[in-house]
Amino acid sequence: VKERTIDTELIFSYAKCQQLGDLEEFVASPNLADIQGVGDKVFDEGMFEAAKVLYNSISNNAGERKNDRYRVDLLLRQMSTARRFGRVCCFSKPGRYPGSRG
């Protein structure tokens, strides 16, 4: 018996546990899950790779899928840059960068 709630919770569980292979396999098979809703939820919680898998599996028209992929890729790049910048700022010595005191 297929149920929307069970399928939706299962893909969220796969995303939460970072089981991206199982997630990809499940969303590729016939299911009743709210993939867009779960994709938005995991995206908001910072699970960007899982969100990318979910957004890429949505069978919207090609333009919307391209926009979703672009949005996820852009945010992944921004998060990566922000993390690198945060490490540089947090672990650098005072006076080493313009505008810093020390």
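A: Happy to! Let's begin with handedness: α3 and α4 cross in a left-handed way. Please keep in mind that this is a predicted model. The axes of these two helices come within 8 Å, and they cross at roughly 160 degrees. An angle over 145 degrees counts as roughly antiparallel, and α3 and α4 are therefore roughly antiparallel to each other. If you wonder why both values are quoted, two packed helices are described by the angle between their axes and the distance between the axes.

Now let's see who meets whom. On the α3 side, the residues in contact are Ile35, Gln36, Val38, Gly39, Asp40, Val42 and Phe43. Facing them from α4 are Phe48, Ala50, Ala51, Leu54, Tyr55 and Ser57. Sorted by class, this contact has 9 nonpolar residues, 3 polar ones and 1 charged one.

Next, the core. The largest nonpolar core has 21 residues, and the members that touch the most others are Ile11, Leu23, Ile35, Val42 and Leu54. At least two core residues come from each of α1 (4-16), α2 (20-28), α3 (35-44) and α4 (48-57). The biggest share belongs to α4, which gives 6 residues. As a general background, nonpolar side chains in soluble globular proteins tend to be buried together.

Leaving aside neighbours within four places in sequence, Leu23 is in contact with Ile11, Tyr14, Ala15, Ala50, Val53 and Leu54.

For a contrast, look at the loop between α1 and α2, where you will find Gln18. Its phi is near 60 degrees, a positive value in a residue other than glycine. Gln18 has 44% relative accessibility, so Gln18 counts as partly exposed.

Finally, let's step back to the whole chain. It has 5 helices and 0 strands, giving the pattern α-α-α-α-α along the sequence. Of its 102 residues, 25% are buried. Taking contacts between residues at least 6 apart in sequence, 51% join residues at least 24 apart.

Note on methods
Residues numbered from 1 in each chain as written. Predicted model: local features only at pLDDT ≥ 70, side-chain atom pairs only at ≥ 80, totals over all residues. Heavy atoms only, no water. Core = buried A, V, L, I, M, F, W, Y, C linked by side-chain atoms within 4.5 Å. Buried < 20%, exposed > 50% of the residue type's maximum accessible area, 1.4 Å probe, protein only. Helix = DSSP H or I, 4+ residues; strand = E, 2+ residues; numbered from the N terminus. Contact = heavy atoms within 4.5 Å. Axes fitted to C-alpha atoms, helices over the stretch in contact; angles between N-to-C directions. Parallel < 35°, antiparallel > 145°, perpendicular 65-115°, else oblique. Left-handed = near helix turned anticlockwise from the far one by under 90°. Nonpolar A, V, L, I, M, F, W, Y, C, P; charged D, E, K, R; others polar.
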